[in-house]
Amino acid sequence: MASRGTVKDSPNFNPEVDAGTLYKAMKGLGTDEDSILQLLTSRSNAQRQKVKAAYKTLHGKDLIDDLKGELGGKFETLIVALMTAPLAYDVMLLRNAIKGAGTDEKVLVEILASRSSKQIKDIVEAYRKEYDDNLEEDIAGDTSGHFKRLLVILLQASRQQGIQHNTIESDAQALFKAGEENYGTDEQAFVTILGNRSAEHLRKVFDAYMKLAGFEMEESIKRETSGNLESLLLAVVKCARSVPIYFAETLYYSMKGAGTDDETLIRVMATRSEVDMLDIRSDFRKLFAGSLHSAIKGDTSGDYRKALLLLCGGDDA
């Protein structure tokens, strides 16, 4: 999958030279934002970590602190996201989502629905090391009801492997009974099945469900649930179908309508640029009238826009 990113390792990479370039870009009066964004968007995250280490060795200063001191606003947020290792970034996002004023459910939904079981296990472990806290307890203390239950199931990262052919029909039946067939909704059945089965298995269940109910799974979820639970169930279903499509839609809605949800835009562009941005771009083009490139161009400005467009990596006009 790694090769589906727009950002890759830079071939003739020299961390000391890069560290010098960044130091020069921030030294003295004024900041050379262009040099900073051109350099950081053309290095992989692993290379950026080496630049950060070289910067400290050569200049005795923390690169992220210096960048924060020189840049501002959304551009700064994006650059700091790019400079943070992917696992540390997910851990920080989850911490901020539960520890700030109120809970940012959108972040909990996006990360826990889209990351692999291995990634979630790593997140839980890294969170414990970083904050000496239990992520499951923190999330459970900040959420409630079936929304909380499904988040806790996802945090176990113990989905069944592969396709259980003997339970495809019974899973589809159970979901149908829990929702469309009866008055009222048995949310627990949705939570248990969608939280515990593998993506491949769920795709088969969705096909069987469609035959049974005459509706796509997503339609039934929208009709049977609401609020945070609805958002999380939809995200789980969409990610089981296709993670890049899920992120293409997430990006589209972050820029649709009046105002831009910059936090989401930054989060997705920073975390997916090395993973599956090429697929996200191509799905975006298929789903919506226009390219991701032109959507970003029309919705952002300045150095922030320049950096996002470099991460986008091309126009599919």
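**View 1. Gly313 comes after helix α20 in this predicted model.** The phi angle of Gly313 is positive, near 80 degrees. Helix α20 covers residues 302-312, and its buried residues are Tyr304, Ala307, Leu308, Leu309, Leu311 and Cys312. Buried means under 20% relative accessible area, exposed over 50%, and partly exposed in between (1.4 Å probe, protein chains only). These buried residues pack against α2 (33-41), α5 (73-83), α17, α18 (277-287) and α19 (292-299), where contact means heavy atoms within 4.5 Å. Helices are DSSP runs (H or I, at least four residues), numbered from the N terminus.

Residues are numbered from 1 along each chain as its sequence is written. In this predicted model, local features need pLDDT of at least 70 and side-chain atom pairs count only at pLDDT 80 or more, while totals for chains, interfaces and linings use all residues; side-chain values use heavy atoms, with hydrogens and water left out.

**View 2. Helix α16 (residues 243-255) packs with helix α17 (residues 262-272).** Their axes, which are lines fitted to C-alpha atoms over the stretch in contact, come within 9 Å and cross at roughly 150 degrees. Angles run from 0 to 180 degrees between N-to-C directions. The two helices are therefore roughly antiparallel, a term for angles over 145 degrees. α16 passes α17 in a left-handed crossing, meaning that the near helix is turned anticlockwise from the far one by less than a right angle. Residues of α16 including Phe247 and Leu251 meet residues of α17 including Leu265 and Met269.

**View 3. Helix α11 (residues 168-178) packs with helix α12 (residues 187-196).** The axes lie 8 Å apart, at an angle of about 150 degrees. α11 and α12 are therefore roughly antiparallel to each other, and α11 passes α12 in a left-handed crossing. Asp171, Ala174, Leu175 and Ala178 of α11 meet Ala189, Phe190 and Ile193 of α12.

**View 4. Tyr252, Tyr253, Phe284 and Phe288 form one aromatic cluster.** The whole structure holds eight aromatic pairs, counted when ring centres lie within 6.5 Å. The ring centres of Tyr252 and Tyr253 are 5.1 Å apart and the planes stand at 80 degrees, so this pair is edge-to-face (planes over 60 degrees apart). Tyr252 is partly exposed, at 24% relative accessible area, whereas Tyr253 is exposed, at 53%.

**View 5. The charged end of an arginine sits over an aromatic ring at Arg95 and at Arg223.** For Arg, this requires CZ within 6 Å of the ring centre and within 35 degrees of the ring normal. Arg95 lies over Tyr131, 4.2 Å from the ring centre. Arg223 lies over Phe215, 3.9 Å from the ring centre.

Definitions and conventions: Phe/Tyr/Trp six-rings, centres within 6.5 Å; stacked < 30°, edge-to-face > 60°. Parallel < 35°, antiparallel > 145°, perpendicular 65-115°, else oblique.
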